[in-house]
Amino acid sequence: MAPKSWLWFGNMLFVSFPLAILGIDLSRLYGHMPAVAKRNEACHPYEPFKCPGDGNCISIQYLCDGAPDCSDGYDEDMRLCTAAKRPPVEETASFLQSLLASHGPNYLEKLFGSKARDALAPLGGVEKVAIALSESQTIEDFGAALHLMRSDLEHLRSVFMAVENGDLGMLKSIGIKDSELGDVKFFLEKLVNTGFLD
């Protein structure tokens with residue numbers, strides 16, 4: 001039986017026969033679409049993660065599962081996998097910004113040392129510090145990413161260890177007020193619980 005008509009709609013080919021219409025999704029048939037088209041298309045809700053290189057969409061369950069699903073392996077990138085366990089960069093940046101807004105531009109010296117003055121400017125600013133906190137697998141990686149001095153890194157480690165051990169006295173000793181303890185402790189615990197001290 002010969003087809004009556006052909007109709008293209010996106011990547012679908014519809015063929016009309018006298019008694020039926022047959023639709024074929026050619027992207028599924030051939031397993032690919034032009035890369036430019038993929039990068040510009042939105043992902044389906046059940047496959048919301050778009051690989052930046054090839055535009056393939058994958059399910060969140062396949063991120064950081066040990067098997068690359070993006071052609072360039074981006075879904076297994078160590079920084080991405082670390083960041084996936086951590087608070088979002090926007091949340092971290094917002095928290096740091098709120099501390100600075102409430103307590104002044106040098107407040108974060110209490111945590112990060114002398115390079116954290118002037119609203120974190122010597123470290124690259126709030127956004128850079130927030131990204132480093134999200135992407136750095138360990139405190140050592142964080143120190144390297146921001147070029148912290150060894151003394152500042154050890155101070156920061158002692159702050160995190162105090163939080164891990166429940167030693168709020170140490171946080172008070174560096175000038176964190178009782179009214180701030182809960183928020184600071186909650187924030188730092190999120191990092192500790194995702195392996196920041198390992």
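Is Cys 57 buried, partly exposed or exposed? Cys 57 is partly exposed, because its relative accessible area is 24%, and the classes are buried (under 20% relative accessible area), exposed (over 50%) and partly exposed in between, computed with a 1.4 Å probe on protein chains only.

The legends below describe a predicted model, in which local features need pLDDT of at least 70, side-chain atom pairs count only at pLDDT 80 or more, and totals for chains, interfaces and linings use all residues. Residues are numbered from 1 along each chain as its sequence is written, and side-chain values use heavy atoms, with hydrogens and water left out.

**View 1. The disulfide of Cys 43 and Cys 57.** The sulfur atoms of Cys 43 and Cys 57 lie 2.1 Å apart. A disulfide here is a pair of cysteine sulfur atoms within 2.5 Å. The link is left-handed, with -75 degrees about the S-S bond. It connects distant parts of the chain, 14 residues apart. Cys 43 sits in the loop between α2 (35-40) and β4 (49-50), and Cys 57 in strand β5 (residues 57-58). Helices (H or I, at least four residues) and strands (E, at least two) are DSSP runs, numbered from the N terminus.

**View 2. The disulfide of Cys 51 and Cys 70.** Here the S to S distance is 2.0 Å. The link is left-handed, at -80 degrees about the S-S bond. Cys 51 belongs to the loop between β4 and β5, and Cys 70 to the loop between β5 and α3 (78-85). The pair links distant parts of the chain, 19 residues apart. Both cysteines, Cys 51 and Cys 70, are buried.

**View 3. The disulfide of Cys 64 and Cys 81.** The two sulfur atoms are 2.2 Å apart. About the S-S bond the value is -100 degrees, and the link is left-handed. Cys 64 lies in the loop between β5 and α3 and Cys 81 in helix α3, so the pair ties together parts that are 17 residues apart in sequence. Cys 64 is partly exposed, at 31% relative accessibility. Cys 81 is buried, with a relative accessible area of 15%. A search of the whole structure finds 3 disulfides. With bonded cysteines counted along the chain, their pattern is 1-3, 2-5, 4-6.

**View 4. Helix α11 and its cover.** Helix α11 (residues 178-192) has 15 residues. From first C-alpha to last it reaches 21 Å, close to the 21 Å expected at 1.5 Å a residue. The expected span is 1.5 Å times one less than the number of residues. Buried residues of α11 are Glu 180, Leu 181, Val 184, Phe 187, Leu 188, Leu 191 and Val 192. An α-helix has 3.6 residues a turn, so residues three or four places apart point the same way. The cover over the buried residues of α11 includes α4 (89-103), α5 (109-112), α7 (126-135), α9 (150-164) and α10 (168-173).

**View 5. Thr 92 in helix α4.** Thr 92 counts as buried, at 2% relative accessibility. Which residues is Thr 92 in contact with, leaving aside its neighbours within four places in sequence? They are Pro 87, Ala 130, Leu 133, Ser 134 and Phe 187. Contact means heavy atoms within 4.5 Å. Phe 187 is one of the buried residues of α11.

**View 6. The salt bridge of Lys 190 and Glu 91.** The N to O distance is 2.4 Å. A salt bridge is a side-chain nitrogen of Lys or Arg within 4 Å of a carboxyl oxygen of Asp or Glu. Lys 190 lies in helix α11 and Glu 91 in helix α4, so the pair ties together parts that are 99 residues apart in sequence. Lys 190 is partly exposed, with a relative accessible area of 24%. Glu 91 is partly exposed too, at 37%.

**View 7. Further salt bridges.** A search of the whole structure finds 9 salt bridges. Arg 117 and Glu 109 meet through their side chains at 3.0 Å, N to O. Arg 117 is partly exposed at 35%, and Glu 109 is partly exposed at 24%. Asp 178 and Lys 172 form a salt bridge of 3.3 Å, N to O. Asp 178 is exposed, with a relative accessible area of 56%, whereas Lys 172 is partly exposed at 44%. A network of salt bridges links Glu 140, Arg 150, Glu 154 and Arg 157.
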